[in-house]
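Reader: Hi! Could you walk me through a structure I have just opened?
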Amino acid sequence: MSVGDGQGGENRFRRSPTGPSVTPPRKPIDPFSSPPSAPPSPPPSPWPSPPQPPQAARSKWPIGSIVIFVLLLASIGIQAWRDLSRPDAWDFWKDQYVSSSLTATLVPKLELDGAARGHRALFIKGEIGPAAARWFRERLDEAQLVAGDAILMSSPGGDLNQAAIMGEIIRSRGLVTAVGTADAAGRVKPSYCASACVLVYAGGNTRFGVPGSGLGVHRFTTTKTIDDPLAEAQKISGAVLGYMTKMGVSSSLVQAMSETKEIRWLAPKEALAMNLVTDPIAKR
């Protein structure tokens, strides 16, 4: 037996007289041998395990809900576009939310002869815009005027419908009206009230005639494109007549309005005869 045979069969694969070392073959796995045992589990901890943070629930929108939501936004956008595409829509939004065409100043004590003397007043100045009635109601609520207080105004006119609503508000609150301006001390100076402003003035329970102030009237027309201008003029005239009759003003005022397109300034005696002025204040 050679030396290599005397070292056992394993050495035959470790060294070869004619070449490099050879890796011995792996031992065959015995199918009947037991598998290696798993490491023992650690003993249970005596302390309670910390609470796990709740997982946020995933919100999944069904496709149908998304479609309905998109359609709803589209319908709102289309309606808003239609509203703003009208010629008067932007004027209303501007007057209501951007900058009102009217201004209001509270006069704590009005220095005006007659029953209004010593009362509080809200001085309104400017053009009557398409959102003037809502603006006017808000200013009255802020000023907290009571029956007998005055609305002092100076305006070239404006929106007819808004002016009529403002007059209705004045009458419902028992306020009086006068045309003029007021300084910081409450002293009243003459001014003017023309066109639609006359409807606001007519809303007063008592309508004071300030010496030197002017009341101007004219025929009301519409700026909208209409098929029958004559029928529209008659409709407007009927509405103004109904309003003035309700406020206790003579129908002769509406007749005077219909006679001219230009402003006609009423003489003090005319305004008194038409019952537009109910309490003329004498000159000092």
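This is a predicted model: local features need pLDDT of at least 70, side-chain atom pairs count only at pLDDT 80 or more; totals for chains, interfaces and linings use all residues.

Reader: Great. How many aromatic pairs does a search of the whole structure find?
Author: The search finds 1. Tyr 192 and Trp 265 make up the pair, and its geometry is edge-to-face, with 6.3 Å centre to centre and 85° between the planes.

Reader: Which parts does that pair tie together?
Author: Tyr 192 belongs to strand S7 and Trp 265 to strand S10, so the contact links parts 73 residues apart in sequence.

Reader: And how accessible is Tyr 192? What about Trp 265?
Author: Tyr 192 is partly exposed, at 38% relative accessibility. Trp 265 also counts as partly exposed, at 46%.

Reader: On to the sheet, then. What is the strand order?
Author: The order is S7-S9-S10, in an open sheet with mixed pairing. S7 and S10 are at the edges with a single partner strand each, so one side of each has no neighbour in the sheet.

Reader: Are S7 and S9 parallel or antiparallel?
Author: They pair in the parallel sense, over 3 bridges. Cys 193 has Leu 215 in S9 as its bridge partner.

Reader: Changing topic: what caps the N-terminal end of H6?
Author: Asp 159 does, with a side-chain oxygen 3.1 Å from the backbone nitrogen of Asn 161. The helix covers residues 160-172 and reaches 19 Å, close to the 18 Å expected.

Reader: Which residues in H6 are buried?
Author: Among them are Leu 160, Ala 163, Met 166, Gly 167 and Ile 170. After the helix comes Gly 174, with a positive phi near 70°.

Technical notes. Residues are numbered from 1 along each chain as its sequence is written. Side-chain values use heavy atoms; hydrogens and water are left out. Rings of Phe, Tyr and Trp (its six-membered ring) pair if their centres lie within 6.5 Å; planes under 30 degrees apart count as stacked, over 60 as edge-to-face and the rest as tilted. Helices (H or I, at least four residues) and strands (E, at least two) are DSSP runs, numbered from the N terminus. Buried means under 20% relative accessible area, exposed over 50%, partly exposed in between (1.4 Å probe, protein chains only). Two strands pair if DSSP finds at least two bridges between them. The expected span of a helix is 1.5 Å times one less than its number of residues. A polar contact is a pair of N or O atoms within 3.5 Å; within protein, one must be able to donate a hydrogen and the other to accept it, and residues adjacent in sequence count only if both atoms are side-chain atoms.
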